[in-house]
Amino acid sequence: MEKSLHDIENLTRDDLELILATSEQFREISERRVKKVPTLRGKTICLFFIENSTRTRISFELAAKRMSADLINFSASTSSLQKGESLTDTVKTIMAMGVDLFVIRHSAPGSSRRVEQVAGVPVINAGDGPHAHPTQALLDLFTIYRHKKKIEGLKVAIIGDIYHSRVARSNIFSLTRMGAEVVLCGPPTLIPREIEKLGVQVTYSVDEACKMADVIMCLRMQLERQQSGMFPSMREYIQLYRIDEKRVSLAKDDVIIMHPGPMNRGVEIIPEIAYHHRSVIEEQVTNGVATRMALFYLLLGRGNEETAD
Ligand code: CP
């Protein structure tokens, strides 16, 4: 593996398998009565979130604490960014206090690479605009693997606003690299042209996407982008693309239902399906902590056990 995680494209199948196996080990730690290991004792991690987040930020924080790292929780709204300090100078200032790894969320694609250039330490991309959300794709892969015991040959239907979705992009790379058959579905204006070149199929029929699916992955309808004219009306979207009991019944009997969150209840998915016995949405959140612990271990923790004392 490279020293930072900016996107999924740079990960080999061996890397993905290593992350899955390591996540399983850390999932076991998260189920213990005392959920803490000394692996990152003496290391300092900065959570550098310039864009809002609930589950990604909290699970990175929990992962760092469970591994005994020291944590800086940078808050953009109360920082000197508000006084005009640049991103570069802010990162340099934090680095001067001694940081071993940055986790960054930012609205600008490529921001995690920029932080790595300035900081010179490993960086994990926690979502950079519409470009990539690699840790979401890795926790999704881990959740699918725990249920299906394989990825190769599975049919995964990703449904919704593919165009704006960093989650979809990162999942396409991880799932196809592991041999899954990925079917994308959404309104034609929300499916990027020539996306088939990434080795996926495209359909505009949600029934066709769901038919015989092993996994149905719903995406958040990005309501803030509705003004752009790329969406049909909400009523039409719900009628054509919302995941409900009838659509789930077209999938395999052991289908699992996923959603990265945050969810618009009743828009991309009905609540009865979000909390259905086939839904693994809460489990995705649980697995996010184990996956992020695994990444901290692989990027920062290996070899630290000997130097911790
Ligand atoms: N899935 C996801 O990235 O959620 P948050 O924006 O709450 O972190």
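Where is Ser-79 found? In this predicted model, Ser-79 sits in the loop between strand 2 (70-75) and helix 3 (87-95).

**View 1. Ser-79 in the loop between strand 2 and helix 3.** Ser-79 has a relative accessibility of 13% and therefore counts as buried, the cut-off being under 20%. A polar atom of the Ser-79 side chain lies 2.9 Å from the backbone oxygen of Ala-76.

**View 2. His-133 in the loop between strand 4 (123-128) and helix 5 (134-148).** His-133 counts as buried because its relative accessibility is 4%. Apart from neighbours within four places in sequence, the residues in contact with His-133 are Thr-56, Arg-105, Ala-126, Gly-127, Arg-166, Val-167, Ser-170 and Arg-292. From C-alpha to C-alpha, His-133 is 8.6 Å from Ala-168, and the two are 35 residues apart in sequence.

**View 3. The crossing of helix 1 (residues 13-30) and helix 11 (residues 281-301).** The two axes come within 8 Å of each other and cross at roughly 115 degrees, so helix 1 and helix 11 are roughly perpendicular. The crossing of helix 1 past helix 11 is right-handed.

**View 4. Residues at the contact of helix 1 with helix 11.** Helix 1 contributes Leu-18, Ile-19, Thr-22, Ser-23, Phe-26, Arg-27, Ile-29 and Ser-30. On the helix 11 side, these meet Glu-283, Thr-286, Asn-287, Val-289, Ala-290, Thr-291, Met-293, Ala-294, Leu-295, Tyr-297 and Leu-298. By class, the residues of this contact are 11 nonpolar, six polar and two charged.

Technical notes:
Residues are numbered from 1 along each chain as its sequence is written. This is a predicted model: local features need pLDDT of at least 70, side-chain atom pairs count only at pLDDT 80 or more; totals for chains, interfaces and linings use all residues. Side-chain values use heavy atoms; hydrogens and water are left out. Axes are lines fitted to C-alpha atoms, for helices over the stretch in contact, and angles run from 0 to 180 degrees between N-to-C directions. Helices (H or I, at least four residues) and strands (E, at least two) are DSSP runs, numbered from the N terminus. Angles under 35 degrees count as roughly parallel, over 145 as roughly antiparallel, 65 to 115 as roughly perpendicular and the rest as oblique. A crossing is left-handed if the near helix is turned anticlockwise from the far one by less than a right angle, and right-handed if clockwise. Contact means heavy atoms within 4.5 Å. Ala, Val, Leu, Ile, Met, Phe, Trp, Tyr, Cys and Pro count as nonpolar, Asp, Glu, Lys and Arg as charged, and the others, Gly among them, as polar. Buried means under 20% relative accessible area, exposed over 50%, partly exposed in between (1.4 Å probe, protein chains only). A polar contact is a pair of N or O atoms within 3.5 Å; within protein, one must be able to donate a hydrogen and the other to accept it, and residues adjacent in sequence count only if both atoms are side-chain atoms.
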